[in-house]
Amino acid sequence: MIGAGQPRHQLGRNLTYGMLDALGRAIVTGAYDNAPFPTEAELAKQQGVSRSVTREAVKMLTAKGLLSARPRQGTIVQPISSWNLFDPDVLSWLLDRRFSIDLLREFNQLRIAIEPEAAALAATVAGDSDKAKIRKGLDRMIAAEAGDDDPLESDIAFHVAILQASNNAFFAQFRDVVGAALRTSIRFTNRVVGRTASVPDHAAVFQAISAGDPHRARAAMRHLISDVLTLIGNSDPVPDPAI
């Protein structure tokens with residue numbers, strides 16, 4: 001229960017975001033694939049919230065491309081081609097879907113178009129503090145191999161540090177996409193080959209950036225992501241709902 005001393009506007013915001021998450025997750029995981037999307041009145045009754053909370057959640061889902069309102073048709077669920085796949089909420093909901101090898105492939109195809117160039121740029125413009133953050137991510141990956149850190153979170157920290165070290169606001173904005181891709185990839189690679197990311201391959205990227213060698217940094221990052229794409233291409237696992 002929300003505390004009695006909590007401001008009314010905070011209560012409303014929590015209800016709105018809670019409903020947003022519930023509805024977004026339901027849409028993305030296919031709950032409305034074969035059923036019409038409920039009216040605002042029906043949603044308010046189902047969720048036990050006010051019409052204003054419902055209306056705001058629907059507006060937010062519309063802004064994310066999941067819903068659209070059409071005259072005489074009401075609110076309908078949009079096809080995935082209309083969804084804002086760079087939205088952090090949409091990415092999170094996508095990962096709740098049954099495992100998809102196609103989604104994993106598409107994630108990593110996008111990564112290989114972005115991250116090698118971000119690494120090359122980082123090798124050119126990164127300052128000492130930027131490099132220290134990349135080094136910290138690598139150190140965390142080394143610690144994770146010894147069981148002293150989380151393998152997934154340390155891997156994400158390494159890659160996000162490189163995006164930020166590019167000192168390019170557009171590359172930095174891909175942090176959520178990269179995080180989502182890695183969360184999917186690591187579950188896949190663990191299941192198929194029983195291992196997490198290669199520390200030596202990541203170290204090669206860091207060393208190239210630290211040395212200020214953009215060509216080597218680009219090649220090292222491309223090699224790192226290509227390994228996952230090769231593994232995907234050589235594998236046809238039966239989807240596991242637990243992944």
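Student: Which residues in H11 do Asp201, His202, Ala204, Val205, Gln207, Ala208 and Ile209 in H10 meet?
Tutor: Bear in mind that this is a predicted model, where local features need pLDDT of at least 70, side-chain atom pairs count only at pLDDT 80 or more, and totals for chains, interfaces and linings use all residues. Residues are numbered from 1 along each chain as its sequence is written, and side-chain values use heavy atoms, with hydrogens and water left out. Contact here means heavy atoms within 4.5 Å, and helices are DSSP runs of H or I, at least four residues, numbered from the N terminus (strands are E runs of at least two). The H11 partners of that H10 set are Arg216, Ala217, Ala220, Met221, His223, Leu224 and Asp227.

Student: How many nonpolar residues does the contact of H10 with H11 have?
Tutor: Ala, Val, Leu, Ile, Met, Phe, Trp, Tyr, Cys and Pro count as nonpolar, Asp, Glu, Lys and Arg as charged, and the others, Gly among them, as polar. Take away the three polar and three charged residues from the contact of H10 with H11, and the nonpolar ones number eight.

Student: Is H10 roughly parallel or roughly antiparallel to H11?
Tutor: Helix H10 (residues 199-210) and helix H11 (residues 214-233) pack at about 160°, their axes 8 Å apart (axes are lines fitted to C-alpha atoms, for helices over the stretch in contact, and angles run from 0 to 180 degrees between N-to-C directions). Because of that angle, H10 and H11 are roughly antiparallel (over 145 degrees; under 35 is roughly parallel, 65 to 115 roughly perpendicular, the rest oblique).

Student: Is the crossing of H10 and H11 left-handed or right-handed?
Tutor: You call a crossing left-handed if the near helix is turned anticlockwise from the far one by less than a right angle, and right-handed if clockwise. By that rule, the crossing of H10 and H11 is left-handed.

Student: How far apart are the axes of H6 and H7?
Tutor: Here helix H6 (residues 128-145) packs against helix H7 (residues 151-165) at about 165°, with an axis separation of 8 Å. That angle is why H6 counts as roughly antiparallel to H7. H6 also passes H7 in a left-handed crossing. As for the distance between their axes, it's 8 Å.

Student: How many charged residues are in the contact of H6 with H7?
Tutor: From H6, the meeting residues include Asp130, Lys133 and Arg140, and from H7 they include Glu153 and Asp155. Next to ten nonpolar and two polar residues, the charged ones in this contact come to five.

Student: At roughly what angle do the axes of H6 and H10 cross?
Tutor: The H6 and H10 axes come within 10 Å. As for their crossing angle, it is roughly 165°.

Student: Which residues in H10 do Lys131, Ile134, Arg135, Leu138, Met141, Ile142 and Glu145 in H6 meet?
Tutor: The crossing of H6 and H10 is left-handed. On the H10 side, that H6 set meets Val199, His202, Ala203, Phe206, Ile209 and Ser210.

Student: How far apart in space are phenylalanine 86 and valine 177, C-alpha to C-alpha?
Tutor: Phenylalanine 86 sits in the loop between strand S2 (74-77) and H4. Leaving aside neighbours within four places in sequence, phenylalanine 86 is in contact with Leu91, Leu110, Phe174 and Val177. Phenylalanine 86 and valine 177 are 91 residues apart in sequence, yet in space their C-alpha atoms are separated by 6.4 Å.
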